[in-house]
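Hello,

Here is the structure we talked about handing over. Please open it first, then read the notes below.

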Amino acid sequence: MLFQPINKNYHEFCIQRDPELCINCKVCVRQCSYEAHYWDEARQKVMHDNSKCIGCHRCEALCPTAALNIIKKPSDFRTNSLWRPVFLQNIYKQADTGGVLLAGMGSPVDIPVYWDRMLLDASQVTNPSIDPLREPMELKTFLGAKPRKVEIETDRKTGRTTLKTKLTPQLELDVPIMFAAMSFGAINFNLHRAMARAATECGTYYNTGEGGLHKTLYKYGEHTIVQVASGRFGVHRDYLRAGAAIEIKVGQGAKPGIGGHLPGGKVNDKVSETRMIPIGSDAISPAPHHDIYSIEDLLQLIYALKEASEYKAPVSVKIAAVHNVAAIASGIARAGADIITIDGMRGGTGAAPAMIRDNVGIPIELALAQVDQRLRDEGIRNKVSVVAAGGIRCSGDVIKAIALGADAVYIGTATLIAVGCTICGRCYTGKCPWGIATNDPKLSKRQNPDIAARKLANLIRAWGHEIEEMLGGMGLNSIESLRGNRDKLRGVGLSDTELDILGIKHAGR
Amino acid sequence: MKRVYPDKEYCIGCHLCEVACITAHSRSKDAIIAFREERTKDGLTACKKVFEKGDICVAISCRHCDEPSCVAACISGGLHKDPETGRTVYDRDKCVGCWSCLMACPYGAIKRHPTENKIVKCDLCEGREGGPACVAACPNQALKFEER
């Protein structure tokens, strides 16, 4: 056998082609952006190179005769609980390249998922459950600072009452679920348009991420949250005024303390125009904002943005879930933010150093519980809304997040999965076979915005129905009654410390 | 009349429409048998073709034009316009294989039969439940069967 470098043969996946079913139609050849399938002229049939397969399953999905299976390579290293294969493979790669290992999407490491260790309450005879098909259910959510008390004035002559208290700007959500920040550049225009349309249709919001907002999407501004991150890409007056809210991104759950990097290959004319950078140039967002080195600096930026938007848009601050997150959140609330977004360590990303992604941050459940508790203890919970993000997988996670104290959640990875993402984790290559994390015109057209918008709207609608069902099961008819209502949660198999941090009782109590 | 309209914006060049076309026009209606046997033995071929150039691709089949050049060019009466359905209908028995229609078609939507002196052309999957097979098979809705 010819010599192969060690990396070549320790690939992750194997393509299984059933010769009984394969009709050599070459659909797989055309769909594989990694060229794992190819037409072999000599053999006059479709062949494949397993070492190139990244496990995206695109070929499998489009094969008209279901002739393909993508499986993990069955051969394995000698079992060793310390030196698991992933560590060996990483070392082989780094010994070859001398570079930082890059990874896409959220961390796949086996850290506890507390959502799965929490269970919801259900009504029985003493308090009856509610049938959401027959009774009205309220999922309406408002994000923004709430007044301590509401004063109402009554006109003596007409008897008409008016609100005397001046409310700060609010975001009105029909469902407590928003599309998370994913920049135009990291994902393509078709998907940005689809998110904007789906958010508008469902009465919720999508977040531009740090990529600016393309002029043609300004019409969806009422359902857009515009982001200001450290690179300030695409930030100008019209942009700040185009959105319904402004978000300052300080940190990201997938890579806390790490900046962003959009490779030049993804910067086409449209991205260049929106980000205000030259075509083909790398867009590097530094890890720190160079005008924020303290809470006081953050306060200045918050108020600068409020000024820029004439105090019409609430300002949100997004931070990664890290140690002492509760104290940080308290500072942010006191700096004047209307919304705090906390992004847990299972949040997704287009690209992150693998070691950061897998070893830095904390799970969102713990961060959320602590932030909500701290803000309540300090008596400032009404001053900010809390949005949880980072690894929300289903409506069960959403409802548990709300019971733990979130006002709403952001969904990012789930959004991408809805349009086909299989979490193959190669977003940083720009060759996304599903046409998601790519601006290659040939690949990005795989996302038809009509289909994508429908799928995204369906997802939000489906989760909304499920949330109503679960609320009804708990005997609640409004999401407001569940917010921070930890008595509706019980832990299973958690230590006293974990229960204490989450602020919930163990099941059976 | 309802026609198949291709959308080059969202055609992903997978050629699944061709696979669907071959299967729908096969005797077996089975993709594997159609590809393996009928294609090689009987010269079964798709009546549509995906044209590709760089990033652009588009699936072309007979447009069933209101005033079809192919019908005007046909010397044998093998092609005619059905006044009721509006379809450009092909009569295989009358076709003499002169290729006049092939040259006249401005879309390049008529093909030569690979083994016989006949042409291959879209019949909009006449009689097929659910309309043309290519439209049903397109994974990205880049083909639409509608009245415009």
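Of the 148 residues in chain B, 46% count as buried. Bear in mind that this is a predicted model.

Chain B holds five helices and eight strands. Starting at the N terminus, its elements run β-α-α-β-β-α-β-β-α-β-β-α-β. The radius of gyration of chain B is 15 Å, close to the 15 Å from the globule rule for 148 residues, so the chain is as compact as a globular protein of that length. Its C-alpha atoms fill a box of roughly 40 × 40 × 35 Å along the principal axes.

Now the contacts. Take those in chain B between residues at least 6 apart in sequence: 56% of them join residues at least 24 apart.

On to surface and charge. Chain B exposes about 7700 Å². Carbon and sulfur atoms supply 51% of that area. The chain carries 23 positive and 21 negative charges.

T204(A) sits in the loop between α5 (189-202) and β12 (206-207). Is T204(A) buried or exposed? Its relative accessibility is 0%, and buried means under 20%, so T204(A) counts as buried. Which residues does T204(A) touch, leaving aside neighbours within four places in sequence? The contacts are L173(A), V175(A), I177(A), M178(A), A199(A) and H223(A). Of these, A199(A) falls within the α5 range, 189-202.

Best regards

Key: Residues numbered from 1 in each chain as written. Chains lettered and ligands numbered in written order. Predicted model: local features only at pLDDT ≥ 70, side-chain atom pairs only at ≥ 80, totals over all residues. Heavy atoms only, no water. Helix = DSSP H or I, 4+ residues; strand = E, 2+ residues; numbered from the N terminus. Buried < 20%, exposed > 50% of the residue type's maximum accessible area, 1.4 Å probe, protein only. Contact = heavy atoms within 4.5 Å. Rg over C-alpha atoms; globule rule 2.2 N^0.38 Å. Areas by Shrake-Rupley, 256 points an atom, 1.4 Å probe, with all protein chains shown as cover. Lys, Arg positive; Asp, Glu negative; His and termini not counted. Charge placed at Lys NZ, Arg CZ, Asp CG, Glu CD.
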